Amino acid sequence: MKVEEMKIHIIGGSGSGKSYLAEKMSKKWKIPHYDLDQLQWDNEAKEYGVKMPIEKRDAMLKEILNMDQWIIEGVYYQWVQESFKKSDRIYLMETPERICQFRIIRRFIRRKMGLEKGKKETIKSLIELLKWNHKFYKVNLKEIKNLLEIYEKKVIIVKNKKTL
């Protein structure tokens, strides 16, 4: 497969290393990288946690998928089915939950200290994210694995940095 035609989808829980992997691949192969959070959430809203209108979100995703090459990363799986179909490779991040929870907390602290750019999070939103991520590992990850079974030939499971 030629790098110029590469389409990659990276999926996993919060703190699993999706963005890190996407950024590394994007720089190495000079392929544009898209964070699905930018499609899911309205970052122009005054409040934290306002979703993008579905029509706008879906139109932005379609625009990306029509490109010759892309790296898409995110936790979402229900509204990105077309991305899985069009992907040449799907990376499923299975970083241990305890490591993800630590990374989420570390990222929150770094953002509050101004060491890292990010969303307008609060302690309440941090707690909600930690709870959500726990549910992701108990429920959603199983659903994602079932969903990706039909794409098994192009799925790469990443459990740690060594796997990369």
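Tutor: The account below starts with helix H1, passes to the residue that follows it, and ends with the salt bridges.

This is a predicted model, in which local features need pLDDT of at least 70 and side-chain atom pairs count only at pLDDT 80 or more, whereas totals for chains, interfaces and linings use all residues. Residues are numbered from 1 along each chain as its sequence is written, and side-chain values use heavy atoms, with hydrogens and water left out.

Helix H1 covers residues 18-29, which makes 12 residues, and its first and last C-alpha atoms lie 16 Å apart, close to the 16 Å expected at 1.5 Å a residue (the expected span being 1.5 Å times one less than the number of residues). Helices (H or I, at least four residues) and strands (E, at least two) are DSSP runs, numbered from the N terminus.

Lys18, Leu21, Ala22, Met25 and Ser26 are the buried residues of H1, where buried means under 20% relative accessible area, exposed over 50% and partly exposed in between (1.4 Å probe, protein chains only). Viewed down the axis of H1, these buried residues fall within an arc of 130 degrees, so they line one face of the helix; the arc is that of the directions from the helix axis to the C-beta atoms.

Just after H1 comes Lys30, with a positive phi of about 55 degrees, although Lys30 is not a glycine. Most residues other than glycine have a negative phi. Lys30 has its place in the loop between H1 and S2, and because its relative accessible area is 69%, Lys30 is exposed.

The structure holds four salt bridges, each a side-chain nitrogen of Lys or Arg within 4 Å of a carboxyl oxygen of Asp or Glu. Lys159 forms one of them with Glu94, the closest N and O atoms being 3.7 Å apart. Glu94 counts as buried at 14% relative accessibility, while Lys159, at 46%, is partly exposed.

In helix H6, Glu128 and Lys124 are four residues apart and therefore separated by about one helical turn; they too form a salt bridge, with 3.9 Å between the closest N and O atoms. Lys124 is exposed, with a relative accessible area of 60%, and Glu128 counts as partly exposed at 43%. Glu94 and Lys159 belong, together with Lys145, to one network joined by salt bridges that share partners.

A further salt bridge pairs Asp58 with Arg57, with the closest N and O atoms 3.0 Å apart. Arg57 is buried, with a relative accessible area of 10%, whereas Asp58 is partly exposed, with a relative accessible area of 34%.
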